[in-house]
Structure formats: C-alpha cells, structure tokens
Amino acid sequence: MDLFDPSKIKLTKYLFYTGKGGVGKTSVACATAVSLADKGKRVLLISTDPASNLQDVFSMELTNKGTSIPSVPNLYVANLDPIQAAAEYRESVIAPYRGKLPVSVIANMEEQLSGSCTIEIAAFNEFSNFITDEKVQQEYDHIIFDTAPTGHTLRMLQLPSAWSNFISESTHGASCLGQLSGLESKKAIYKQAVETLADGSLTTLILVTRPETAPFKEAERASGELSALGVNNQMLVVNGVLTEHSDALSTSLYEKQRAALAEMPESLRTLLLYMVPLRAYNVTGIENVRALLSTDHVTAHAETLNATHIPVLNDVIDELAVEGKRVIFTMGKGGVGKTTVAAAVALGLVKRGKKVHLTTTDPAAHLKFVLDETSGISMSHIDEAEELKKYQSEVLSKARASGMSNEDIAYVEEDLRSPCTQEIAVFRAFAEIVEKADDQVVVIDTAPTGHTLLLLESTQSYNHEIQRTKGEIPESVKRLLPRLKSDETEVIIVTLPEATPVYEALRLEDDLKRAGIAAKWWVVNQSLYGTNTTNPMLAAKAASEVEWLNRIDEHASGKFALIAWSAEEIKGDRLLAL
Ligand SMILES: Nc1ncnc2c1ncn2[C@@H]1O[C@H](COP(=O)(O)OP(=O)(O)OP(=O)(O)O)[C@@H](O)[C@H]1O
Ligand SMILES: [Mg+2]
C-alpha cells in the first residue's frame, strides 16, 4: 500500500471523505486540502459534520462562508452549521409573510419549522448549494467535503431522493417543512447534487478507515450503500498504520493491524488503496497537518502529570452505584470507545447488585460485539426502520379507531410517509427506553456527538411535532426531559487524550449544561501514558498525552478516570478489569 500523497494522485474536482467515527476523516481531508493548496491549487474545504472539528485543526473561527487560512494561501475553509442553516431556512420561508399574516399565524409557522427535520433538510440544502453552485465550481480547482460519521452522512445523502419522492407524491402539498411548494424549486438542485456525486469524472468518494476490524466493516457498508446511490468512483485510505515495532506493546499493535489488514473485506480490495502512518502527534495546527502525509517529526514534550492519583473506571462505577443513578449515558466523539465504556459500566453495576438494561442510540453500534446476554444484562438497540413501521401503524390504527374519514386517513397516511417521521419514531423509542429506569438502571451508549446533539435538539422540539400531527403525547415523552434534567441522570464524557476529542467533549459538555443535563465524570480511553511503552514513536505519543490529561484533570476537578491502551479487544469479563 502506497503512502497517500494527493499531489501525486489524479484527483477529481469534488472529494468526499467518509468513514466510521474517529478514523481520521477530518485529519486526512485537512492534510489533502493543505497539500493541494501548497501545490498551487485553489481549494475549498467544507465540513458537513454538525460537530465539526475544523476550527480546532486550523485554530480559528469559521463560518458557513469560505474563510481563507492565512498561512496556507489558496485554501478556504467553511463549516456548514445545521442549526444556523435551519434558522436561515426558517426565515427564508417566513419572511414573505411577515407583516402580512397575523402574528399568531407567523408564530405557528416558526414553531412548525423548528423541528429536527428542518435542521436536516437545511443542512442538505447548504451542502447541495455548494456542490451545484457554478460560481464555486469555477472559483476552485478542488472542493473537499469532510463529513460526519457514516450513519449521519448516508442519511444526509439519502434525503434528497426521499424528499423529491415525497414532494412529487404529495397531494395536499403540506409537510412538517411547511408548504412543499417551497421545496419544489429545490428538487432540481437535489437532482443535480446527486448527479454530481454520482459522476466519477467530477467526484471521488474517499473512504477513510483504521487498520481495524470494525472500521473496515463500516467502510464496506458505506462503500456498498454509496454505490447503491450511484457513487462508484471510490478509493480507500487506511489511516494510522504502525510501520515499525520494537517492544511488546508495539509488536502486539503491529500484529493486530496486520491481522485486520489480512482480513480486509473483499469488496474493499478492488478499490485504489493508500495508507497514512500512525503519527506521534495530534493532527492539529498547520505544521502537524502538513507533516501528516510526509514526515514523522517527534516533538519533545516536557510536561509532567499533575495528578498524583488517577481514578479508574471502577471508581466511577462505585460512585454511580452509591448515588443511585438510574439513567447513565456515555457520550463523546466518534471512535473514542463509548460502547466499551457503556458495557463496562453496565457489567460493573450488575456486579454491584443492580438490575441493568444496556442500549444504544447509535445505528452503527453493535453491543453484542462487547457483551452477551449471559452477563445478566438485558440489551436492546434502536432499530430505526423497525421503529418507523411500529410508529406508522400505531398512529394509523388510532386514526381509524377515532372514526376519522377516509380522506383524513389518507392525509395522515401521506404525512407519515414524510422523511422526518423516522426522526419522531426513533425519538419515541428513545423515550420508551429511558422509561425503563422506573425499575432498573438504564445505561445508554450514544452515537457520535453530532447525531446525539440532534437527538437532544429533538428532545426539546418533539412536542411541537406531536401537537401538529394530532398524535397524543406518550407519558414516556412527557417524563423524558424532566428525568434527563434530574439528578437521576448522569452523562459520562468519553474522550481520547488528544486535541480534537477533548475540544469536542468540552463543547458537548457546554451543550449538555445548556440543556440542564449533568455531566460530572470524564473517562480518558486508549491512553498510552499508562503503558510504559519503550517504542520511540509510541513513547512520544504517550508523552504528548500529558498536556491533555492535565487539562482534563483541571477542568473536571480530578473527576476523570483513565483506561490504558490495550492490544486485545476489551470485551466480556475483561470489561470488569477497567
Ligand atoms: N495518522 C494519525 N496518527 C496519529 N493520530 C491521528 C492520525 N490520524 C488522526 N489522528 C488523531 O485521531 C483523532 C481523530 O481524528 P479525526 O478527528 O481526524 O477523525 P474523524 O474521522 O474526523 O472523527 P469524527 O468521526 O469524530 O469526525 C484526532 O485526535 C487526530 O489527531
Ligand atoms: Mg471529523
């Protein structure tokens, strides 16, 4: 596998980076952008991730308009902010009616357009504008999209055809996004956006993975689903490959990676394959971004650890048990180990005599990979398609039982086909699961930050949707937000001892605080600091962690636990040793 060097590869105008949470999409996309700009190409780098890290990598504030990077001429960077996009979309729909319609009607329209699917479609509108805008096409040699983890991105790309179908089939012309007429004009842009993505002479899909089993599996899924959308011009970048080994730890990592590479799914082997070495430094700051695809400079870190004693996960579980927490979330950036920590907390609470239910809101997570039912823990995951069917049939049977006319039932049926109904169904399932906390402890592994923030957003706006669709509000939903804000609930922030995972966790904690949800403990996972490795590269990487451990220690007032990096999969009883 050759080193991934964008300046030596014939690249199309549009480059679209996707892959599992935390694999290095942002790092490799940024390094590509800088490398091409350094070669004199005019480059626009855009993040569609609601929890983007570009501002961390370039250490500057960004907007949804291209901002030039002073130390990299020719490079412009933009963050598509779905919340802001939704606000702009809402205003674009309402503005023509201000001063013409009664204030109460305007207020109702504003409420109607504050649902989570407005956020989704507005985010896609912004994305499709960038990928279809002729002026942007002429202005730049390359337009690079850094995206959110796979699940979120696939849903975003499937949205246009979902809405185009809904728009063309709709008979009453209304939806949770207001008059569909407003969307009619978008259909052409949606069509052009999907065509551009599917045009191999214009767009390349760059699948980013780590040399590990789960990321390879997710890359295989993404490759298949995007081929189904017609996006066939694909290449694979394996990021974080250890190129040399010396001590026991580096040798076990090296062998583990080689084994995963040997088992790479067949469908991925047919793609153009490139690799990026594992580096001793975080991919933040222009110097490190420039170095990622070229050299491995080891910067001496003099910082020493302030903490004299660092708690372990069992100390966290002890406190959760003593405080009688009933709803426990693990949250954080993609790929930091939320599922592993959630499973370990669940198993630890069972060992302390608690009755526990473990679940995940992450469509991509596989709890059964880390824990099986013999552990005395009941488990579930939110199957989005399943929940949608369940919700649609429930609303319909209630409508029929209420003696509604056939015409009205047809109206409800049509409305239930709207792409945002899934959001409502998933949310209700989430509320039902939290309701289990009445008689047991519920431990919830969540999807990467961006997806979870949207779930929280919809927690706050869900009632509007139900009001509008005349659906009754289930008790579980009425009780959800108050329960999340109560001291029954605790969010464990999971991170890596690295720059962007810590910055993202700090922003997440702020959002939780704003929503009135408690987050006291931080868990720092996959730490090399605790391993005493003598391998020069890994030892340098361990030293680079100290700065972040000290920051977390200070920020969380010592409420942070460390989990050392280990070559073996942490699953089953090994979870108890954390
Ligand atoms: N080759 C590498 N060597 C060492 N560290 C790396 C490498 N690539 C990425 N990293 C580090 O891994 C972490 C995750 O990288 P990054 O944010 O690019 O992943 P991502 O796929 O964009 O994550 P998300 O799914 O959350 O958007 C960062 O701390 C980054 O500095
Ligand atoms: Mg990213």
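Before I read off any sheet, I note the rule for pairing: two strands pair if DSSP finds at least two bridges between them. I also note that I am working with a predicted model.

**Entry 1: the nine-stranded sheet**

With that rule in hand, I traced an open sheet of nine strands, ordered S1-S11-S10-S9-S2-S6-S3-S5-S4, and its pairing is mixed. Which strands sit at the edges? I found S1 (2-3) and S4 (67-68) there, each pairing on one side only.

I then looked at the S4 end. S4 and S5 (residues 75-79) run antiparallel and are joined by two bridges. Ser68 has Tyr76 of S5 opposite it.

Next I asked what packs on this sheet, and I came to helix H9 (residues 213-228). H9 touches S2 (14-18), S9 (203-209) and S10 (234-241), and its direction makes about 160° with that of S9.

**Entry 2: the seven-stranded sheet**

I found another open sheet, this one with seven strands in the order S14-S13-S15-S12-S16-S17-S18 and with parallel pairing. Its edge strands are S14 (378-381) and S18 (560-564), each of which pairs on one side only. From one strand to the next, I read an average twist of 20°.

S17 (residues 522-527) pairs with S18 in the parallel sense over four bridges. For Trp522, I noted Phe560 in S18 as the bridge partner.

Helix H21 (residues 536-555) lies across S16 (489-495), S17 and S18. I have its direction at about 165° to S17.

**Entry 3: H17 against H19**

A reminder to myself: two packed helices are described by the angle between their axes and the distance between the axes. For H17 (residues 421-435) and H19, I wrote down an angle of about 70° and axes 9 Å apart. Angles from 65 to 115 degrees count as roughly perpendicular, so H17 and H19 are roughly perpendicular to each other.

Which residues meet? On the H17 side I listed Phe427, Phe430, Ala431, Glu432, Val434 and Glu435. On the H19 side they meet Glu475, Ser476, Val477, Arg479, Leu480 and Arg483.

I then checked burial along H19 (residues 475-485), where Ser476, Val477, Leu480, Arg483 and Leu484 are buried. Why do they fall on the same side of H19? They do so because they cover an arc of only 125° around the axis.

**Entry 4: Asn125**

I picked out Asn125, which is found in helix H5 (residues 116-132). Is Asn125 buried or exposed? Its relative accessibility is 5%, so I count Asn125 as buried.

Leaving aside neighbours within four places in sequence, I have Asn125 in contact with Tyr89, Lys186 and Tyr190. I also looked up Ala193, which is 68 residues from Asn125 along the chain; their C-alpha atoms are separated by 9.7 Å.

**Entry 5: the whole chain**

Last, I jotted down the totals. The secondary structure of the protein chain comes to 21 helices and 18 strands. The chain has 578 residues, and 57% of them count as buried.

Taking contacts between residues at least 6 apart in sequence, I noted that 77% join residues at least 24 apart. The protein chain exposes about 23500 Å², with carbon and sulfur atoms supplying 52% of it.

Technical notes
Residues numbered from 1 in each chain as written. Chains lettered and ligands numbered in written order. Predicted model: local features only at pLDDT ≥ 70, side-chain atom pairs only at ≥ 80, totals over all residues. Heavy atoms only, no water. Buried < 20%, exposed > 50% of the residue type's maximum accessible area, 1.4 Å probe, protein only. Arc of directions from axis to C-beta. Axes fitted to C-alpha atoms, helices over the stretch in contact; angles between N-to-C directions. Contact = heavy atoms within 4.5 Å. Areas by Shrake-Rupley, 256 points an atom, 1.4 Å probe, with all protein chains shown as cover. Parallel < 35°, antiparallel > 145°, perpendicular 65-115°, else oblique.
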